[in-house]
Amino acid sequence: MKKLLSVAGAVLLTALAAVFALGQPAHAATGFSVSNGRLYDAGGVEFVMRGVNHAHTWYPQQTSSFADIKALGANTVRVVLASGDRWTKNSAADVANVISLCKANRLICVLEVHDTTGYGEEGAAASLAKATDYWLSIADVLKGQEKYVIVNIGNEPFGNQGYSAWTTDTSNAIKRLRAAGLTHTIMVDAPNWGQDWSFTMRDNAGTVFAADAQRNTVFSIHMYGVFDTAAEISDYLGRFRTAGLPIVVGEFGFNHSDGNPDEDAIMAYAQANGIGYLGWSWSGNGGGVEYLDMTTAFNPAQLTSWGQRIFNGANGIAATSREASVYASTTPTASPTVSPTVSPTTSPTVSPTPPPPTTPPPSGGCTATYTVGNSWQGGFQGEVKVTAGAAAITGWTVRWTYANGQSVTQAWNASVSNSGSAYTARNVDYNGRLGAGASTSFGFIGTWQGTNSTPAVTCTPA
């Protein structure tokens, strides 16, 4: 973050040519691991990041922030570190203390080197190779912490120049870390100041994933002005889901000098699809983006409107965060996740809706439940949950008809078609088989005007 795009406008490129053929992890995980495009913690439980970024390297005295972030419900904190190439190097002892603060407060630490920001365009930025040198220099404090630490090699590596080297440089960095014995889940940021408007990361993610012998890499997209519509957000994230590649929103805000990101759509889509998000940032912003502070002067009792939105709003951290299972047997040292307290300024705009209609569950049949997860002027995000009945099914078809002129413009996890107001959704290849009582879901972005009533839905097994 913290940089205007120097190339105006993001042009959507063509779709991925094919779904990547990805295998299972090639090792028995001692910490976090990736399988089928999902992140799992050391307890084997799927882990969805819900947290914020904390500018530790510039505010090393703000150690109470870890407990404050946890008390508001987060399960993850992305910690800004410096390799010494651009800002004062965080020592191994300091990093060890950061990890201990995360563990004491039952948080997962995503550690990132910030010196790489905008490499190729920002003259002071460091290369990914330099960032890798830093990680190797502190490897001793990282090893043994695989259950609690994810290594984010370099923040926003490459600006809007020279980014064609992203694939090779990222692959080489991963290989060096693995050769040195680091088995942590690795996170890699997109180029183009993190926003990947060139789709370099999107279209080469499969190559980078395959470069990791342990198949334990997660991709991170930063969403600011490039992602100002729900369609752009769902298209980008949805392609990773379709390809079976793990993706998180490593940074995003509610506003930015390069455009107005759609934070509502980011959070709604992430929640509907089990995608992690980490908002920017806890406090201490400067350079004209002070509005991105979630707290005033690091005071958790003084949440800004952005802080209220991300912690206590619809699809926010307090309502959706789940603690890593590795902490399940430990004694809490920080406040547990609390129920959301939605302030008047951040209350969801969705009007109350009646209980969603469902189909009766015949033996060997299926049910479908339609819900509206988020709504904004002229648009909404919907989700349909499909549940098998008393016997396993090998596929499903869901149908509904809109009564008020609504339409679906973008869908994921299902093949959706329509004839006028009548819609049909069929399973895709990876979510058709359901055991007795098992569920899956698909989502979509829609439009509405005036009324957005909930339609009746039917489900037919294959």
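Let me start with a term: buried means under 20% relative accessible area. Keep that in mind, because buried residues come up throughout. This is a predicted model.

Disulfides to begin with. The count comes to 2 disulfides. Number the bonded cysteines along the chain, and the pattern is 1-2, 3-4.

Take C102 and C109. A disulfide joins them, with 1.9 Å from S to S. The angle about the S-S bond is 75°, and the link is right-handed. Are these two cysteines buried or exposed? C102 has 1% relative accessibility, so it counts as buried. C109 is buried too, with a relative accessible area of 1%.

Now C366 and C459. Here the S to S distance is 2.0 Å. The link of C366 and C459 is left-handed, with -105° about the S-S bond. This pair links distant parts of the chain. C366 sits in strand β13, residues 366-376. C459 sits in strand β20, residues 457-461. C366 has 1% relative accessibility and counts as buried. C459 has 12%; the cut-off is under 20%, so C459 is buried as well.

On to the salt bridges. How many are there? The count comes to 12 salt bridges. I'll show you three of them.

Start with D189 and R78. Their side chains meet in a salt bridge, 3.1 Å from N to O. Again, distant parts of the chain are linked. D189 is in strand β7, residues 186-189, and R78 is in strand β4, residues 76-81. They are 111 residues apart. Both D189 and R78 are buried. These two also belong to a network of salt bridges, which links R78, E112, D189 and E251.

Next, D203 and R202. Their side chains meet at 2.8 Å, N to O. Which of the two is buried, and which is partly exposed? R202 is buried, at 1% relative accessible area. D203 counts as partly exposed, at 31%.

Last one: R239 and D235. The salt bridge between their side chains is 2.9 Å, N to O. Why are they separated by about one helical turn? Because R239 and D235 are 4 residues apart in helix α7, residues 230-243. R239 has 17% relative accessibility and counts as buried. D235 is buried too, with 14%.

To recap: 2 disulfides, 12 salt bridges, and a network linking R78, E112, D189 and E251.

Methods: Residues are numbered from 1 along each chain as its sequence is written. This is a predicted model: local features need pLDDT of at least 70, side-chain atom pairs count only at pLDDT 80 or more; totals for chains, interfaces and linings use all residues. Side-chain values use heavy atoms; hydrogens and water are left out. A disulfide is a pair of cysteine sulfur atoms within 2.5 Å. Buried means under 20% relative accessible area, exposed over 50%, partly exposed in between (1.4 Å probe, protein chains only). Helices (H or I, at least four residues) and strands (E, at least two) are DSSP runs, numbered from the N terminus. A salt bridge is a side-chain nitrogen of Lys or Arg within 4 Å of a carboxyl oxygen of Asp or Glu.
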